[in-house]
Amino acid sequence: MSAMKRRYSASDVALAQFERAIAHMDLDEDLVAYLETPKRELIVHFPVYMDDGRMKMFTGYRVHHSTVRGPTKGGIRYHPDVNLDEVRALAMWMTWKNALMNLPYGGAKGGVAVDPNQLSRNELRRLTRRFANDISLLISPEGDIPAPDVGTNPQVMAWIMDTYSVAHGYTTPAVVTGKPLSIGGSLGRAEATGIGVTITATAMMKKLDMKPEDTRVAVQGFGNVGSVAAHKMWEHGCKIVAVSDVNGGVYNANGLDIPGLLAHVAETGTVIDFPGSDRIDNRETLTAPCDVLIPAALEGQIDERVAPDIRARLIAEGANGPCTMEGERILLDKGVRFVPDILCNAGGVTVSYFEWVQGLQSFFWAEGEVLERLTRLMAEAFEHVWRASQDKNIDMRTAAYTIAIQRVVDAVEARGIYP
Ligand code: NAD
């Protein structure tokens with residue numbers, strides 16, 4: 001490898017994963033070119049007044065990877081590193097995730113290059129409303145439905161919904177999901193991704209004969225996905241030995257008290273300095289002595305530099321694209337098993353789909369019904385991927401991709417190419 005720091009490309013990873021899967025399929029090369037090309041990409045540059053009276057320019061993106069199976073669906077990310085390459089990869093992953101879960105959606109993603117922690121609430125609101133206005137060319141309940149991702153939350157979704165509704169003159173709840181309950185959010189949505197991670201990770205543990213009481217878990221990232229996954233795995237009887245966030249990590253070989261840690265984070269905003277834990281860094285979280293590793297932060301965290309030192313037997317990908325191709329290859333060669341991202345973290349978009357359906361019908365479900373349907377769909381998708389991986393003797397990611405890609409191909413063939 002060159003001594004120069006290589007720039008990480010999420011799109012390269014997404015395309016390489018796609019190409020690895022289609023090697024197991026019999027697809028025409030023209031069709032392959034169609035499937036790997038995003039349908040449309042919007043870049044917006046927009047001004048926002050800061051609290052000090054100065055106007056600042058921001059750049060945002062919305063990418064539709066595929067619209068073949070239905071309206072596009074995918075989150076909106078606020079993070080300083082957001083760029084077109086990353087949003088393009090995340091949009092493509094959404095196409096496969098939605099198809100794998102058999103949701104009637106294509107794939108999209110959006111984002112703004114900004115650190116939301118550096119903005120006041122009013123600045124965040126103005127930025128969100130202006131961004132929502134500028135991507136309203138693309139979003140609609142029938143066309144493209146955003147949701148939260150890294151750095152965004154139900155409040156941000158509420159502002160997007162309100163901005164769209166004001167422009168159209170009537171309230172349009174189904175234009176976003178992950179909204180607050182008071183304006184048409186779904187019960188169970190906030191926890192859905194972490195619950196889905198736990199359903200699929202524990203299903204895989206069963207296949208591998210791993211007993212919860214003997215299973216140590218490390219979790220990278222303690223936001224929407226990581227904190228819920230840690231809590232649910234803890235409730236399931238696993239020992240959560242390491243947890244990290246952007247500030248660093250905490251470790252306890254005997255298991256961290258997760259309810260106590262959640263209270264500590266609610267109070268201090270970070271996992272660090274949690275009483276009864278040792279301080280570790282982000283790398284040490286990934287390489288901690290554990291049986292299951294749940295990356296739940298950002299892409300590209302598990303690369304060829306850290307993979308050789310990872311001790312987990314099972315990686316449950318809460319984050320999208322947490323492994324580079326080189327990192328994954330090293331782990332697969334060591335016999336490490338994966339629950340791949342498009343399966344593992346699909347609980348979020350699945351309950352987003354339920355929220356959208358509830359919004360369109362103005363008829364809301366009890367939490368038990370949401371969780372029962374989520375559990376059933378996740379368990380079925382897991383079994384489908386597991387069977388495909390066993391039948392074809394391929395890894396779980398490649399199995400998941402072949403199922404998803406075939407569903408998109410079936411839709412392309414049924415619709416035909418216009419004109
Ligand atoms: P979030 O913003 O709620 O949390 C992100 C967490 O990662 C925070 O705790 C942050 O401190 C931490 N983090 C950031 N950089 C880190 C680093 N270098 N090392 C350790 N921790 C770091 O975001 P989220 O919604 O939980 O999303 C996390 C991942 O899950 C992303 O890849 C996202 O695309 C994916 N995902 C989210 C959802 C969802 O419903 N929110 C659904 C599917 C997939």
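**Rings and strands**

Tutor: This is a predicted model.

Student: Where do phenylalanine 382 and tryptophan 386 lie?

Tutor: Both are in helix 13 (residues 367-392). They are 4 residues apart, about one turn of the helix.

Student: How many aromatic pairs are there?

Tutor: The count comes to 10 aromatic pairs. Take phenylalanine 382 and tryptophan 386: their ring centres are 6.5 Å apart and their planes are at 10°, so the pair is stacked.

Student: Which residues do ring pairs link into a cluster?

Tutor: Tyr105, Tyr353, Phe354, Trp356 and Trp365.

Student: What lies over the face of tryptophan 365?

Tutor: Arginine 373, at 4.6 Å from the ring centre. Elsewhere, arginine 397 has its charged end over the ring of phenylalanine 338, 5.6 Å from the centre.

Student: How many bridges join strand 3 to strand 4?

Tutor: There are 6, and the two strands run parallel. Lysine 73 stands opposite glycine 107 in strand 4.

Student: And to strand 5, how many bridges?

Tutor: 5 bridges, with strands 3 and 5 running parallel. Here threonine 72 stands opposite aspartate 144 of strand 5.

Student: What do strand 3, helix 3 and strand 4 make?

Tutor: A right-handed β-α-β unit, with helix 3 at residues 84-100.

Technical notes
Residues numbered from 1 in each chain as written. Predicted model: local features only at pLDDT ≥ 70, side-chain atom pairs only at ≥ 80, totals over all residues. Heavy atoms only, no water. Pairing = 2+ DSSP bridges. Right-handed = clockwise from strand over helix to strand, strands pointing away. Phe/Tyr/Trp six-rings, centres within 6.5 Å; stacked < 30°, edge-to-face > 60°. Lys NZ or Arg CZ within 6 Å of the ring centre and 35° of its normal.
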